[in-house]
Amino acid sequence: MAPLLLSSQDPKTNTNSSISFSSPTSSPPISLTELHPLMAHPDTQCEHDRVQVPPSGPTAMQKARSRFLKVVSYFSGDMKPFGKWMEKQFLLLQLLDWVLRGAAQVMFVNNPLSGLIIFAGLILQNYWWALNGFVGTLFATISALILQQNRGAIAAGLYGYNGILVGLLMAVFSNKGDWYWWLLLPNVFMSMMCPILSSALASINSRWDLPVFTLPFNILVCLHMVATGHYNHHFPQVLIQPRSELPNITWSEIDLPKLFMSVPVGIGQVYGCDNPWTGGIFIISLFISSPITCAHAVLGSAVGMVSGLALAAPFGDIYFGLWGYNCVLACIAIGGMFYALTWQVHLLAITCAFFCAYLGSAIANIMSNFGLPACTWPFCLSALTFLLITTETKKIFKLPLAKVTYPEKNLGFFWKLKKQEKAERAEKERKETEEKKKSIEDEILKNEKEQLRLELARMEEGKRTNEASDDPLTQDPEPEAEQHVDEDETRQNNLTEAAYV
Amino acid sequence: MAPLLLSSQDPKTNTNSSISFSSPTSSPPISLTELHPLMAHPDTQCEHDRVQVPPSGPTAMQKARSRFLKVVSYFSGDMKPFGKWMEKQFLLLQLLDWVLRGAAQVMFVNNPLSGLIIFAGLILQNYWWALNGFVGTLFATISALILQQNRGAIAAGLYGYNGILVGLLMAVFSNKGDWYWWLLLPNVFMSMMCPILSSALASINSRWDLPVFTLPFNILVCLHMVATGHYNHHFPQVLIQPRSELPNITWSEIDLPKLFMSVPVGIGQVYGCDNPWTGGIFIISLFISSPITCAHAVLGSAVGMVSGLALAAPFGDIYFGLWGYNCVLACIAIGGMFYALTWQVHLLAITCAFFCAYLGSAIANIMSNFGLPACTWPFCLSALTFLLITTETKKIFKLPLAKVTYPEKNLGFFWKLKKQEKAERAEKERKETEEKKKSIEDEILKNEKEQLRLELARMEEGKRTNEASDDPLTQDPEPEAEQHVDEDETRQNNLTEAAYV
Amino acid sequence: MAPLLLSSQDPKTNTNSSISFSSPTSSPPISLTELHPLMAHPDTQCEHDRVQVPPSGPTAMQKARSRFLKVVSYFSGDMKPFGKWMEKQFLLLQLLDWVLRGAAQVMFVNNPLSGLIIFAGLILQNYWWALNGFVGTLFATISALILQQNRGAIAAGLYGYNGILVGLLMAVFSNKGDWYWWLLLPNVFMSMMCPILSSALASINSRWDLPVFTLPFNILVCLHMVATGHYNHHFPQVLIQPRSELPNITWSEIDLPKLFMSVPVGIGQVYGCDNPWTGGIFIISLFISSPITCAHAVLGSAVGMVSGLALAAPFGDIYFGLWGYNCVLACIAIGGMFYALTWQVHLLAITCAFFCAYLGSAIANIMSNFGLPACTWPFCLSALTFLLITTETKKIFKLPLAKVTYPEKNLGFFWKLKKQEKAERAEKERKETEEKKKSIEDEILKNEKEQLRLELARMEEGKRTNEASDDPLTQDPEPEAEQHVDEDETRQNNLTEAAYV
């Protein structure tokens, strides 16, 4: 819990202590069952109410706990109250909020605090890269404002996350080393192209209610790298060449600590960082916003590592996290972000991570022919594929794109929808049974009435027969009346039969 | 005829005899005009009726023939009665039916008997490949069941055909040789990914009412091959390299028998088989289900061979059937499968085959840069292109995807539609002419009535003038009354007219 | 002005003189402000009217000018009157019109005169290439006729422009040199495939209301080149290889005249021509139809050149116009052709040109791995991307595809739409204010009535009180009546307040 509190106070200066807590070499301390309710606001409130109702017990501790939960709820999820408060601030401060949210949106997290922590991680990794990332996010957001894109999407950081990746990766793959200031020129240009590509791709993907993911980043960074290439005077890129001989893999030489470390490194590689501490910080930033996202990120990275071993990848690549970062993103996207998290979806997310690892290897091999890295193409393609699936089961529920927030809230939406559906079905059934009951009751009532009428008729008949003895002419109509009564009786029988069917 | 009967009795054991019949070096014995009506069930029945009506003539032979036709109708086409009977059987038997249909669906044939014959051909080629193909089909079908895909599509083998190709081609291109059992692992994984990709691609293609063809297979096999590559410890692939010098082509060295043999080999290469006997078996399996399909398969393979010669391909590639298999599939798809077969469509199918051959060469050259074979990309892309054409002629009729069965039945559907349209048009015309006639008759009747009325009026007028001389006071109201009467009369006429319309 | 008049009389024989006028090394003589109204027919007429009204002044010169404007209007824009006149001519002449329009449609110009001038430029460049271009256009158009495509689109040359590019570029990249007659075979085949690909791609792109641009050409030429490749006996292609070492760039060696010349050369490279005179002729042909198009073409070429310098491209490539032609097309497409030209769109067009230059370098580098040129892929992809943008500003208005003609007319359409919208809004406002006025007047009227009524009531009251003194029973209703009056008064006050708010 400590890192959560610490980082909410001053995440930038306390990163080291929080890292030491969730050391990336050990498995991260995710206590889903405990923290799960923190994220979904209605649940928090419920617990809060429940806590206050019983008068006896250690109330002091409970009160502290409930207060703590309330405080946490302000910093977790998408920090909606903060976003609303921000709307009234002046533009420069708003822009900072959007930039921070943009930085976190790479991992589908709409949380400025997470963004701040992520920037801290980037600074830990490399100042120059962090600067480029910041410039990228900033100019991508500004460009979106100039192009008059949807203000809500800008405020959620949805126009910034491609910018940060463009900025970072252009710095990472530049062959001129750090602090080559000219690089900021193409960086700004490419960042400002992000919203254009986002908008254009959204026009296509929206036909299938799909997000654009990091496709604009992939396109723009590959564009920049292949347009200049390794042999360029102004903006040379690092040399990437296809594998042309059997890699030297001896299983006895495997370095287990490094292998375990590859899990946080894989998460760090989402932002192009190979520092395990940075990866650890990223894990924390995910955990703050959404433990489900955090869990799937770690799971995805692990799946990537295993896939690398299965496909006989060079150990160096695995240690370097190159097998992990795509799986991280794919696993987050499928596992609760765009699908409502059920066990089936969880399995689907793991399958997607494996598929993504396979695809990652394939795309890396193809791209290396052009001197290009795989970027996050594997993640984009695999996640899009898995989001396009149609199935006849209701356990795999794809959220409408407009309703996607974060896994915990998505789940709430899904449960509400299910409850609503159930209620509607129950209501329908109740109505049907009621109607049935009513019709039965009506039948009974009818029958009673009919019987009364019949008795009355008989009584009258009796009277009439008495009278008839005086008047023999009225004997003819009698059998007719009787026949009438018979008919009534049979009709009545039919009705009662129908009522009990 | 012989192979049809033989194979319908026991196709597996008689493959050899049937192959010897339709030897692939000679042109296959396709008698379209004779066999054509066998396939379309309504036609069969019509002939059946027609046969029974005339009492005289060689009835014994005719009866035998009609009985033979009836028997054949059970094994041709999509074997619907068999499929319906299967629905009541237990799941494992059903699964076998689906797997067999899946094996045949590669060639757009929905027929378990054809599937059985195709497996026979595969066994003739290579046991290990056949096993991999079977495993692939089986797991692809099982995966579709797990993912709760449409049961009708599964039963038609539409989730199996990518699986068999994935299984086969992964075995074919493995550099570890036969009986490398570890290969079954990625085989099973990739086969199980087939329904996911099929479902995802169908979500996209269905917007244009297009099938997914073998795109999932293409994607998955290329994925596997390029993810591991030639230089891999676990799953190395055969080395494929781009051409870097002028091939040695001397036209005097051309081997004509081999060139002719390339036609069945090209059909065999659809399943990655280079054995001409296997190709011959495949031709038979096609012939059983649909002679039109069979004819277009042979035609496509021939077009591919000619294109190879025209584009100066190395003779080895042509002999090996590499120029044929894509054209085979493209020619089948366009020639009667997804378009209703007319002469225009037939020409379009041949054009498509030529285009596909061109595209095949292009894609093979590009893919070789990545150590990949062309797979059936050329077929997919060319067929999809030709299915996307829109034209203002009615002779090129694209069937709605839901109505596609097999060329003969498709034709029946097209003819029915045309007849219906014709009938509607005729009905419309009939009504129009009738209305015209009626209105003319009405006009004549009206005129006659009018003339009678006028004469009557004149006569009355004459009378009245005589009476009027006696009573001058009644002269004023008279014309009014007359007018009134006239009005009544006309109204009456109108009413009677209206009544007879 | 001279070249306009000359070329309208006999453009073919006067090309040399007109070239000498608009020498490509000097900046082209575009006087937008002066010539702008020539193109938009309504404007021309307006000016015409304005000119005729004043009776005084040098009328002889004005008359001559107006006559000249009228003559020019027949040859500028899309030459609609000529097209209508052509419809009555016999097919061969019509076909020639379509071919000429097709030749010009590469630059989005629907003008047979421009087409004629372009062919003149091609002949100046190379007879053999011009022949191949003509054959390509002709067969593409014929193929569209055979496939029964939309007659209006054929008549606008929309099925020919891919044909001319296919024909030209297949000749340009053939390694067999000029007058290799066999080349006409694939040329005719590929040209005839153009309408098929156009139709298929239009089926896809029409979902987003996008044109197909030169995608069919790109696909088919790449198809032909990579299918045969450099190492082919029948149709070898020129050898294109990826860059594998740092190019030798010394900024002191830059040749400024050549650099300036690269602007018209870049326009010429749209048709694969490196002759600056040919480029100059093309500029003239654009100017005849639409000065806006012409201006954006020159601008695009200049942007391409600058981008080449910025990305450290070898000077040879820049001089050769390889950095210009895609930007030319992209800048024309965005700058007024598919968007209505505003300042925002003008800036967008320049941005698109820069993006296109970047993309051009990237695609050229990738394609060189397969021995392919970049063709016009960069233009297609960048223009499609920029046409897919959605924004919330009204200043960037994408024309519906069916309404696209040429920039000047598009602007007219946009202005009409805006005026219409304004008029509607004004009408609405007028109505609203009228209604307000009316309600106010009604209020006043009501109030006056009310006051009258009140006075009347008071008078009656006075009467009644007099009477009441006689009858004490009527005292009760009095306060009530008074109260009623009070209520009326307050209501009235409220209403008058409301009316003046």
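Predicted model: local features only at pLDDT ≥ 70, side-chain atom pairs only at ≥ 80, totals over all residues.

User: What makes chains B and C related as by a three-fold rotation axis?

Analyst: A rotation of 120° with 0.1 Å of shift along its axis superposes chain B on chain C, with an RMSD of 0.4 Å. The two copies are therefore related as by a three-fold axis. In chain B, Asn369(B) has the C-alpha nearest the axis, 4.8 Å from it.

User: How do you know that chains A and C meet through different surfaces?

Analyst: Only 14% of the interface residues of chain A are also interface residues in chain C, so the surfaces differ. Chain A is superposed on chain C by a rotation of 120° with 0.3 Å of shift along the axis.

User: Why is Asp97(A) called buried?

Analyst: Buried means under 20% relative accessible area. Asp97(A) has 5%, so the label holds. Its partner in a salt bridge is Arg101(A), which counts as buried at 4%.

User: How do you know that Asp97(A) and Arg101(A) form a salt bridge?

Analyst: Their closest N and O atoms are 3.2 Å apart. The cut-off is 4 Å, so the pair qualifies. Both residues lie in helix α7 of chain A, four residues apart, and are therefore separated by about one helical turn.

User: What about Lys394(C) and Glu421(C): what do they tie together?

Analyst: The closest N and O atoms of this salt bridge are 3.8 Å apart, and the limit is 4 Å. Lys394(C) lies in the loop between α20 and α21 of chain C, and Glu421(C) in helix α21, so the pair ties together parts that are 27 residues apart in sequence.

User: Is Lys394(C) buried or exposed?

Analyst: Exposed means over 50% relative accessible area. Lys394(C) has 64%, so Lys394(C) is exposed. Glu421(C), at 36%, counts as partly exposed.

User: What makes the nonpolar surface patch on chain A?

Analyst: Ile123(A), Tyr127(A), Trp179(A) and Trp181(A) make a patch of about 480 Å². Patch residues need over 30% relative accessible area. Tyr127(A) has 59%, so Tyr127(A) passes that cut-off and is exposed as well. Tyr127(A) is found in helix α9 of chain A.

User: Why is α8(C) called mostly covered?

Analyst: Eleven of its 14 residues are buried. Among them are Leu113(C), Ile117(C), Ile118(C), Phe119(C) and Leu122(C). Helix α8 of chain C reaches 20 Å from its first C-alpha to its last, close to the 20 Å expected.

Notes:
Residues numbered from 1 in each chain as written. Chains lettered and ligands numbered in written order. Heavy atoms only, no water. Least-squares fit on C-alpha atoms with pLDDT ≥ 70 in both. Patch = residues over 30% accessible without salt bridge, like charges linked within 9 Å, V, L, I, M, F, W, Y side chains within 5 Å. Areas by Shrake-Rupley, 256 points an atom, 1.4 Å probe, with all protein chains shown as cover. Salt bridge = Lys/Arg side-chain N within 4 Å of Asp/Glu carboxyl O. Helix = DSSP H or I, 4+ residues; strand = E, 2+ residues; numbered from the N terminus. Buried < 20%, exposed > 50% of the residue type's maximum accessible area, 1.4 Å probe, protein only. Contact = heavy atoms within 4.5 Å. Expected span 1.5 Å × (residues − 1).
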